[in-house]
Amino acid sequence: MRRLAAVGLAALGLVAAGCSSDDDSSSGTPAKVTTTRVEVVEGIGKEGGFDPGAIYRRLSPGVVTVISLFKGGTSLLEDGGEGGQGSGFVVDGAGSIVTNAHVVTTGTGGSTKRADQVFVEFSDGNRVEAHIVGADPNADVALLKVEPAGLSLTPLPFGSSGHLVVGEPVAAIGSPFGERQSLTVGVISALDRNIESLTRFQIGDAIQTDAAINPGNSGGPLLNSRGQVLGINAQIKSTSGGGEGVGFAIPVDAVKRSLQELRRNGRVDYGFLGVTTFTLWPQLARRLGIGAKEGALVQRVEGGSPADDAGLKEGDDTIDFQGQTNIPVGGDVIVAVDGKTLTRSEDLADTISRMHAGDEVSLTILRDGKRRNVKVELGRREAAAPAG
């Protein structure tokens with residue numbers, strides 16, 4: 001899986017933001033007045049049709065190119081690093097802009113470092129410096145802030161990623177290979193994908209699309225027929241390095257959670273349980289004599305973790321079954337969290353990742369064929385911690 005690092009870095013010729021002036025009649029001295037023009041987008045796709053041209057005309061002014069400068073005044077792209085140039089989009093009239101964390105940072109886990117300078121270029125040619133409000137390496141989301149005075153801003157409306165349908169038409173706008181304001185279209189190819197984050201934990205519920213996504217599209221929006229953001233384009237699966245019809249977007253529900261906490265705290269805390277698990281399927285459940293068709297076999301419990309403190313039991317042996325090797329047996333099977341049954345699409349990792357440090361959860365487990373509930377107070381996920 002490749003994150004969408006750009007292939008070049010634009011020249012940094014700053015464009016002054018436009019402003020208007022009026023005369024101060026009381027002093028006779030002209031007073032400079034700066035204004036922000038905010039374009040509210042409504043009405044796209046209300047008749048149920050998919051009109052990529054209308055989406056582009058109305059929303060492309062809200063999509064920006066993000067340029068990151070690292071130490072020494074150059075990007076790390078020449079050394080194979082990630083970031084440097086990507087995409088982003090406006091989310092409010094106050095100058096808030098969303099992009100991928102990997103566009104404005106370099107490194108992974110606990111070694112992540114922010115760019116020294118970030119510039120945002122708008123479709124009308126204005127290019128201004130941006131401040132990094134915060135970055136969420138677990139969801140690969142970053143929040144930027146620009147001074148809105150003198151800018152024309154088009155905030156993009158958020159949709160929901162909770163009820164998407166495979167085959168639904170989508171549009172992507174961004175700056176692939178540095179080509180600003182590029183539109184591609186396609187469909188949602190699949191849901192519930194797991195993709196890499198900037199930590200050892202995966203991003204769940206990712207959206208797969210065949211809309212062409214290439215290096216430089218990172219941070220740009222994936223939009224539905226109504227012009228609502230469904231996700232942030234983030235990664236491609238490729239053997240050639242280019243878009244091959246298998247792109248992935250971070251779901252907008254995860255993005256909204258990140259933005260809320262980045263605005264409030266400048267960081268996002270995720271709950272941490274401290275287990276490595278193996279997904280159960282019906283035939284395996286029958287083979288193991290487990291009274292549940294779906295759930296999570298506990299493969300490993302991290303010492304000193306909340307799961308360890310709660311007494312969860314890891315498997316003490318392994319078997320091979322249906323071509324799968326090293327399946328853990330003999331440990332607990334987690335089948336529900338707070339009474340909600342786990343499924344292949346709503347698995348343990350997805351459920352815990354939506355919770356916070358300090359939350360108390362009730363895990364329903366099967367141990368030695370008997371069902372029991374275990375209370376666990378979640379810890380704080382650390383960027384460099386083992387997955388679980």
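User: Which residues of α1 are buried, and on which side or sides of α1 do they lie?

Analyst: In this predicted model, local features need pLDDT of at least 70 and side-chain atom pairs count only at pLDDT 80 or more, while totals for chains, interfaces and linings use all residues. Residues are numbered from 1 along each chain as its sequence is written, and side-chain values use heavy atoms, without hydrogens and water. Buried means under 20% relative accessible area with a 1.4 Å probe, protein chains only. The buried residues Ala-54, Ile-55 and Leu-59 cover an arc of only 100° around the axis, taken from the directions to the C-beta atoms, and therefore lie on the same side of α1.

User: What covers the buried residues of α1?

Analyst: Helices (H or I, at least four residues) and strands (E, at least two) are DSSP runs, numbered from the N terminus. The cover includes β5 (63–69), β14 and β17 (221–223).

User: Which residues is Val-255 in contact with, leaving aside neighbours within four places in sequence?

Analyst: Val-255 is one of the residues touching the most other members of the largest core. With contact meaning heavy atoms within 4.5 Å, its partners are Val-98, Val-141, Ile-232 and Ile-250.

Note on methods
A nonpolar core is a set of buried Ala, Val, Leu, Ile, Met, Phe, Trp, Tyr and Cys residues joined through side-chain atoms within 4.5 Å. Buried means under 20% relative accessible area, exposed over 50%, partly exposed in between (1.4 Å probe, protein chains only).
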